[in-house]
Amino acid sequence: MGRASGGQSLYPLHRTRILHLVRHAQGFHNVAIKNARKNDPNNKALLSHQFFDAQLTDFGWKQVLLIN
């Protein structure tokens, strides 16, 4: 967070946590959205059960490996 005027932290280091936010990698639902934009403008196909917990594509796994 911010720093006080004396160069000290607003919160002591032992009371803070670092939260890393990482965008998820490409999943099959991302590919489906890209392919369906022309034919399915409301993305109704994404209501299919297969996209509820979509797996990563091969490209998505490559993205994961690049972050590690």
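**Figure 1. Residue T57 counts as buried, because its relative accessibility is 7%.** The term buried means under 20% relative accessible area, exposed means over 50%, and partly exposed lies in between (1.4 Å probe, protein chains only). T57 is placed in the loop between α1 (28-36) and α2 (58-67). Helices here are DSSP runs (H or I, at least four residues), strands are runs of E of at least two residues, and both are numbered from the N terminus. Leaving aside residues up to four places away in sequence, T57 touches Q26, G27, F28 and V31, where contact means heavy atoms within 4.5 Å. The model is predicted: local features need pLDDT of at least 70 and side-chain atom pairs count only at pLDDT 80 or more, whereas totals for chains, interfaces and linings use all residues. Residues are numbered from 1 along each chain as its sequence is written, and side-chain values use heavy atoms, with hydrogens and water left out.

**Figure 2. The side chains of Q26 and T57 are joined by a polar contact of 2.7 Å.** A polar contact is a pair of N or O atoms within 3.5 Å; within protein, one must be able to donate a hydrogen and the other to accept it, and residues adjacent in sequence count only if both atoms are side-chain atoms. Q26 lies in the segment before α1. Q26 counts as partly exposed because its relative accessibility is 23%. Along the chain, Q26 and T57 are 31 residues apart, yet their C-alpha atoms are separated by 6.2 Å. Not counting residues up to four places away in sequence, Q26 touches V31, L56, T57, F59, G60 and Q63.

**Figure 3. D53 belongs to the loop between α1 and α2.** D53 is exposed because its relative accessible area is 64%. A separation of 9.2 Å lies between the C-alpha atoms of D53 and G27, which are 26 residues apart along the chain.

**Figure 4. I33 is a residue of helix α1.** With a relative accessibility of 23%, I33 counts as partly exposed. From C-alpha to C-alpha, I33 and L46 are 7.5 Å apart in space, and in sequence they are 13 residues apart.

**Figure 5. The protein as a whole has two helices and zero strands.** Of its 68 residues, 12% count as buried. Among contacts between residues at least 6 apart in sequence, 58% join residues at least 24 apart. The protein exposes about 6600 Å², of which carbon and sulfur atoms supply 56%. Accessible areas come from the Shrake-Rupley method with a 1.4 Å probe, and for residues only the protein chains shown count as cover.
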